[in-house]
Amino acid sequence: MQYYRDGYRPGDPDLQPAAPEAASRTADIPSDVDVLIVGTGPAGTVLAAQLSAFPDITTRIVERRDAPLALGHADGVACRTVEMFEAFGLADELMREAYWVNEVRFWGPSDDDRSKIVRTGWVQDTPDGLSEFPHVIVNQARMQHFLLQHAARSASRLEAEYGVSFVTLTVGSGDDHPVEVVLQRGDEQFTVRANYVVGCDGARSRVRSAIGRELAGDAANHAWGVMDVLATTDFPDWRTKNVVQSAGKGSLLMIPREGGNMVRCYVDLGEIPAGDSTIRATTAEQLTATANAILHPYAIDVKQVAWSSVYEVGQRLTDRFDDVEDDDGRTPRVFIAGDACHTHSAKAGQGMNVSMQDAFNLGWKLAAVLQGRSAPALLHTYSGERQTVAKDLIDFDRFWSDFIAQPSVDPEHPERGGVTAAQMQAEFARQGRYTAGLATRYEPSSLTGTDEHQALASGFEIGTRFHSSPAVRVADASRGELGHVHRADGRWRLYAFGDEGGRRLRSLAQWLTDAADAPTARFTSADADVDSVIDVRAVLRTDHHDVELGALPEILLPRTGPLGLQDWEKVWATGEDADIFAARGIAPEGAIVIVRPDQYVAHVLPLEAREELTAFFGGFLLEAAR
């Protein structure tokens, strides 16, 4: 972490000095804003945290509730989401509080007495090598707190405005704050004009309704009860994740929560008639009784219920995530994210995670357009990319929720169907990559290249998230994860992985330093730091002791910031237990790996690429004034 780039300052380094725009801000929501975020759910708080990195962008976030969320419903945090939290510098804090899901254990009817359950097996929750981070459990309210605190401590000093409801909006013409939004605080309505509005206001989204989008899909007539309990029990696996299948009494999914004692129980309430809402009156006491019937011969004695609810499994999706049609001939002004555009069950553990990734995809694009680094056409890619991801999630969730709800096969009546313990265990293991949040792959587009050079870096699959690996920072011999240099600051990353001897890499770095047609010069204004748009990092195929930093081209030791200080963290090398070249399949001739601001691999190119490199960045970046 570098926090003296702008000069020495005492105190907490996470509390950034307020930018002039923030210092002069009044308590009232201004009449004109660049981005208005509606809702402080998972998507809204990620978007606020990301846009808070840009004090020159006027961002406001409003929430109809009178106070921050105290008890969230979602809790599963996929590995991919922890990777994203690392980009905000929040992963350590998140993991310190969290429950780490290490194993999934399976229980089913005993062969000797099918009224009783026995342990039938276990699988590792997240297969080795998928991520440097674990799958964890943390209350949604805490997740949102971390992000809102990050925004409040940023140079923007961005804080949510509570007790403010969205009423409606209209989109006008022109480029100057064309979206007129009616908001309400108490009995008073007032109007705000915005360049862009993002509806993160949940499944009953008013923003979605205002732009004429609808959630479409079918509810599967199957009900589940959920409760967070503090209990005593003789069930031996209380502190591991469990899938319990009973003989005729339903299924139970148990997920330990943070704090060492609380456990979330998803209780199968079975099939229900279409439109029957009486199941929602099921009490926590009734859920406990059903859970105990499933767990026989074990039992739980519930001392306190922190939260409980009953819901019907259903999957719904909008056809677009913005306010334009394909033939509109204009760029989007209003977007929806998270539950506002896709809803599904909790069984796949992806709802909060995918919602956050929606916002992480959108935030840097809004910043690039508002700061003049990209044309507004870039914003079309949000709906195009994320609607496909949501559709894949809907399809997976439909399969997964049906699969988990199946009864255990009765050996005496196999014709009744169901799944065996072995089938349940095998399917959990097979779906590990998806439930870790790592199944997203963006198709070729202006932001994602084609794969003709993929063999140069086979472990960095184009379109997927950048899979971090250990390396050694040359300047201080620090062993760390290369992917952790990636901050949520809107910059593109260009990782140059060295060739044998390093000649090709040095030639590339010299070109990036000197050439007027290099992307580092062409797309960066003359008065900005050379790495403010494209952050170049080098990984040398040698021991760090054999690297002479002062002999490398200036792009790898740039002087940046108001004091013109050298950045000593651009150059990495290998170590005895940190051979990223072997871990990620880097070819002997080296490779360029381009990574998007949201941590997804955009392209792989040879180190000799010059025109191809500049042309790729020219597909979405505007040429800067020099």
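## Strand β26 and its partners

Val-601 in β27 is the bridge partner of Val-595. This is a predicted model. The contact belongs to an antiparallel pairing: four bridges join β26 to strand β27, residues 601-605. The two strands form a hairpin with five residues between them. There, Gln-599 takes a positive phi near 80°.

Strand β21 (residues 492-497) also pairs with β26. The sense is again antiparallel, over five bridges. Val-595 in β26 has Arg-493 opposite.

Strand β26 covers residues 591-595, and five of its five residues are buried. Both faces are covered. Ala-591, Val-593 and Val-595 lie on one side. Ile-592 and Ile-594 lie on the other.

Strand β14 (residues 251-256) is largely enclosed by the rest of the structure, because six of its six residues are buried. Ser-251, Leu-253 and Ile-255 point one way. Leu-252, Met-254 and Pro-256 point the other way.

Strand β13 (residues 241-245) runs antiparallel to β14, and four bridges join them. Val-243 stands opposite Leu-253 in β14. The β13-β14 hairpin has five residues between its strands. Gly-248 in the turn has a positive phi of about 85°.

Strand β15 (residues 263-271) is joined to β14 by five bridges, also antiparallel. Cys-265 in β15 has Met-254 opposite.

## A three-strand sheet

An open sheet has the order β3-β7-β4, with antiparallel pairing. Its edge strands are β3 (76-77) and β4 (99-100), each pairing on one side only.

β3 pairs with strand β7 (residues 136-137) over two bridges, in the antiparallel sense. Val-77 stands opposite Val-136 in β7.

## A negative surface patch

Five acidic residues gather in a patch of negative charge on the surface: Asp-451, Glu-452, Asp-517, Glu-611 and Glu-612. Glu-611 is found in helix α15, residues 611-618. Glu-611 is exposed because its relative accessible area of 68% passes the cut-off of over 50%.

Definitions and conventions: Residues numbered from 1 in each chain as written. Predicted model: local features only at pLDDT ≥ 70, side-chain atom pairs only at ≥ 80, totals over all residues. Heavy atoms only, no water. Patch = residues over 30% accessible without salt bridge, like charges linked within 9 Å, V, L, I, M, F, W, Y side chains within 5 Å. Areas by Shrake-Rupley, 256 points an atom, 1.4 Å probe, with all protein chains shown as cover. Salt bridge = Lys/Arg side-chain N within 4 Å of Asp/Glu carboxyl O. Lys, Arg positive; Asp, Glu negative; His and termini not counted. Charge placed at Lys NZ, Arg CZ, Asp CG, Glu CD. Buried < 20%, exposed > 50% of the residue type's maximum accessible area, 1.4 Å probe, protein only. Pairing = 2+ DSSP bridges.
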